[in-house]
Amino acid sequence: MTEVDIFFTHTIVGQAMSIEMGRPMDRTSAQGESTGLQAGLFSGHFSLPQVWKEWCLILGAYPYAGLPRRRPGRFRRWLERHALLLAAGGMIMLLSTTTLLVVVIWFPNMLSLSWLLPGSPIGPKL
Amino acid sequence: MAPQDVLTIDPVAMNVVNRVCAGSQLNGEQLYKGGLLVQGEVKGALDVRGCLIVWGGGLVSGRIKVWGDLYLFGQLGLDDQPDSTTTLECMGTAYISNTGVSRAALFAHRIRMYDGAQLHGPFKTLKGYMGLPELHEVAPS
């Protein structure tokens, strides 16, 4: 599919989206499948069975388009909703730590607590 | 209580290059090279060389052959006709979501249903050899 095809596909059909399927009526049916590698006798094509695909989906290492996956839990949905906020917080903490380290290295006297000791101009009076 | 499943529909990854919009009505013999997203009404003889997605509010009836998977969120078959009037042959997996309604004779390699799905017509599992192309047909790439 060329870039032009992708553009028109996105324009006409739409962008990728997620939709809820509901609760599976029989989840145990997937457990009865073969857990080995599936190979086509005529085409020679081989692939992982459904059970392993779902396991790969959990790792996020497999493109899950077209394959129903378990809906993420409440905590993971909260993490996904606040991903930008968490990332921004992480960046701020990283920058703060870097700044603090630079200050400590370049201006070691600035963070010295000696001015709080007795006898210093603003320290407690003896 | 079992957790719900979510489905990510990526038109590019799933090669869904055809779409029948809501409010559209198509009738007759139709061939789609690639997946098809139906949000309107499609009737007649359909040959979908990819996956078929029937959106909520969408309606598909007639003689349908799907080479890929079927995702049913809307309705399959008409209300005022017998269940055997509409037949759907799916070479992949038929996913019938909690909003899907099937009033057709459904033949699929595998089926996966979700709570709330309505399956009125008969269902039959396809054998492996039925997935092979016939002499006058070309397997989808």
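**Ground rules.** I number residues from 1 along each chain as its sequence is written, and chains are lettered from A, with ligands numbered from 1, in the order in which they are written. Since the model is predicted, local features need pLDDT of at least 70 and side-chain atom pairs count only at pLDDT 80 or more, while totals for chains, interfaces and linings use all residues.

**Entry 1: chain B, overall.** I started by listing the elements, using DSSP runs numbered from the N terminus (helices are H or I, at least four residues; strands are E, at least two). Chain B has 14 strands and zero helices. I then checked burial: a residue is buried if 20 or more other C-beta atoms lie within 10 Å of its own, exposed if 12 or fewer, and partly exposed in between, with C-beta atoms placed from the backbone. Of the 141 residues in chain B, 49% are buried.

I also looked at contacts, where two residues count if their C-beta atoms, placed from the backbone, lie within 7 Å. Taking contacts in chain B between residues at least 6 apart in sequence, I found that 23% join residues at least 24 apart.

**Entry 2: parallel neighbours.** Two strands pair if DSSP finds at least two bridges between them. Strand 3 (residues 25-32) and strand 5 (residues 41-48) of chain B run parallel, with eight bridges. One bridge to look at there is B:Gln30 with B:Leu46 in strand 5. Strand 5 of chain B also pairs in parallel with strand 7 (residues 59-66) of chain B, again through eight bridges. Here B:Gly44 has B:Gly62 of strand 7 as its bridge partner.

**Entry 3: the core.** A nonpolar core is a set of buried Ala, Val, Leu, Ile, Met, Phe, Trp, Tyr and Cys residues joined through C-beta atoms within 7 Å. The largest one has 44 residues, and those touching the most other members include B:Val38, B:Ile53 and B:Tyr71. Strand 10 (residues 87-96) of chain B gives this core its largest share, six residues. What does B:Tyr71 contact, leaving aside its neighbours within four places in sequence? I found B:Leu7, B:Cys51, B:Ile53, B:Val54 and B:Tyr95.

Entry 4: Most residues other than glycine have a negative phi. B:Asn15 is not a glycine, yet its phi is positive, about 60°. I located B:Asn15 in the loop between strand 1 and strand 2 (16-20) of chain B. Buried or exposed, B:Asn15? B:Asn15 counts as buried because it has 21 C-beta neighbours inside 10 Å.

**Entry 5: where the chains meet.** The contact takes 26 residues from chain A and 27 residues from chain B. On the chain A side, helix 1 (3-12), strand 1 (17-22) and strand 4 (69-70) each supply at least two residues. Strand 1 of chain A has the largest share, six residues.

A sheet crosses between the chains: three strands form an open sheet in the order 1(A)-1(B)-4(A), with antiparallel pairing. Strand 1 and strand 4 of chain A are the edge strands, each pairing on one side only. Strand 4 of chain A is joined to strand 1 (residues 5-9) of chain B by two bridges. There I found A:Arg69 opposite B:Val6.
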